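Please look through the sequence and the 3D structure below before reading on.

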Amino acid sequence: MISRILMKENLGFKEANLELSGGLTVFSGLSGAGKSVLFSGILAAFALCESEAKFVELELDDKIDLESFGIEAEEENVFKMLKEKSTKYFINNQSIAKKSLQNLSKTFVKYLSVKDSNEFSNEKFLELLDALECAKNPKFKQEKENFIQTFKDYNEAFLKLSEILDEEKRVEELKEVALAQIEKISSINPKPGEYEELLKLKKRLSKQDKIEEAWAKANGIFEYEKAVLDALNLSEVDTNFFSECFNELRIVAQSQNFDEFDFDIEELLDRISDLSYLIKRYESIEGALETLELKKKELSHYENLSFEKKELELLNRNLKEKLEKEAQILSKARVRNLSTLEDFLNNYLAKLYMGNLKLECVKNEKMSSLGQDEIKLSVSETKLKNLSSGELNRLRLAFIATESKILNAGQGIIFLDEIDANLSGKEAMSIAKVLDELSRFYQIFAISHLPQLSSKAHNHFLVEKNGTQSRVKKLEKEERVKELARMVSGEKISDEALKFAKTLFELS
């Protein structure tokens, strides 16, 4: 619900600051006073209308799904439009793109002056038909849930079968690819850590001549071992440190013997090359070994493809049969409730002085998560797309009222721009009663030139123009009676008009 509206520099309005309660809010006043300008400014904050306003701020206390649009919600959500060189939009002081704001606004704002048939989506019709059945048959909710689960299971099984059929067409090629990789990796037969060890060995062998030459010279040091020991003994110095040092040196010298490497250097280089190929292709020896196991499993899968295909074909047939039976249960229930939904809608259409509506349930060949039912709608044998804007808006109003009555729920804001234009007083009162009923669930904003709708308002604002300046004022009881009388008889208010206005106000 919008609890406050602040608007600045909107054509004739220097500033408009409105405090609101819930229910039906009506703007009345002489033609040209600025009602539509004010209305457009409010809608502009939701990015649902263009406006010349420089600044619009709305405070809403509804719980709105802002997180999906990257906006942090608050207890009071503030929508703001700011127009300087360009128009910018904010929610809770966080910037939001115009398109995103439009998508968000359409989830809780219904603007009935825009030609839109979203109210008549097949999904919404089926939701109402199913709600009518649930009210009579508590088991139906479970039957519908069963269908939805079966539809999900069938889709998953169908997808798996499609994948296998697609694989089957190219299975020979896939088998060849898998076999080639298995044979290549298996023929090399790599071992973890082997490549690093061989690189160390290669590096060592590349310095063999220099190492042997250096140690041939260094070995001469051992000829002086006895002389050093004699010198140390004569000097009465403990010889252990020298003996230990020479023993370690002797071990190192002996380890430099290349005779133990009994293989061909070319074979070593070939082995390193093979391992290097695997590393480049699979990132590591471990990666190559993982791929080997994976390709073995793939090959086994391809060889068992025929068996898997038969199993899935059987599963698909069984699920399809089950799905069709469960869809039939939904269809029968919906057909049973079709006339009841028609009656609800036609009851409201009669109040709105429109011809009868006809609903028809047809079966689609393609199954969806809703079943196979599609609801076709026509009004006095006129298709939906051929209705005038006025007729479409009254039909939308009838549908919203029917939806609220059946579901005993509704939430959001409805904007109506002169929905009672060119109607008789009797017709206008009928629309006013429908809006009064809807105002239990929705906050409604309307522009009206007729007293019937205005008399039902929970918030009644008068829009006036003095010279070039417009202003908006909330009317209290006596002021409202006077405004209703003006709407009846014009600027010169008669006693009869006042009497009629008081009657309307007392009846509301």
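Glu 50 is exposed, with a relative accessible area of 56%, where exposed means over 50%, buried under 20% and partly exposed in between, computed with a 1.4 Å probe on protein chains only. The model is a predicted one, in which local features need pLDDT of at least 70 and side-chain atom pairs count only at pLDDT 80 or more, while totals for chains, interfaces and linings use all residues. Residues are numbered from 1 along each chain as its sequence is written, and side-chain values use heavy atoms, with hydrogens and water left out.

Glu 50 takes part in a salt bridge with Lys 98, their closest N and O atoms being 2.8 Å apart; a salt bridge here is a side-chain nitrogen of Lys or Arg within 4 Å of a carboxyl oxygen of Asp or Glu. This pair links distant parts of the chain, since Lys 98 is in helix H2 (residues 98–105) and Glu 50 in the loop between helix H1 (35–44) and strand S4 (55–60), 48 residues apart. Helices (H or I, at least four residues) and strands (E, at least two) are DSSP runs, numbered from the N terminus. Lys 98 itself is partly exposed, at 34%.

By this rule the count comes to 19 salt bridges. Another one joins the side chains of Arg 250 and Glu 225, at 2.5 Å from N to O. Because Arg 250 lies in helix H9 (residues 240–254) and Glu 225 in helix H8 (residues 225–234), the pair ties together parts that are 25 residues apart in sequence. Arg 250 is partly exposed at 25% relative accessibility, whereas Glu 225, at 17%, counts as buried. Salt bridges also link Arg 4, Glu 19, Glu 57, Glu 59 and Lys 80 in a network.

How many disulfides does the rule give? The count is 0, with a disulfide taken as a pair of cysteine sulfur atoms within 2.5 Å. For Cys 134, the closest cysteine sulfur is that of Cys 361, and the 16 Å between them is too far for a bond.

Cys 361 also has a place in a sheet, where its bridge partner in S10 is Ile 375. Strands S9 and S10 (residues 371–379) run antiparallel and are joined by 8 bridges, and two strands pair if DSSP finds at least two bridges between them. The open sheet has 3 strands in the order S9-S10-S11, with antiparallel pairing. Strand S9 (357–368) and strand S11 (382–383) stand at the edges with a single partner strand each, so one side of each is left without a neighbour in the sheet.
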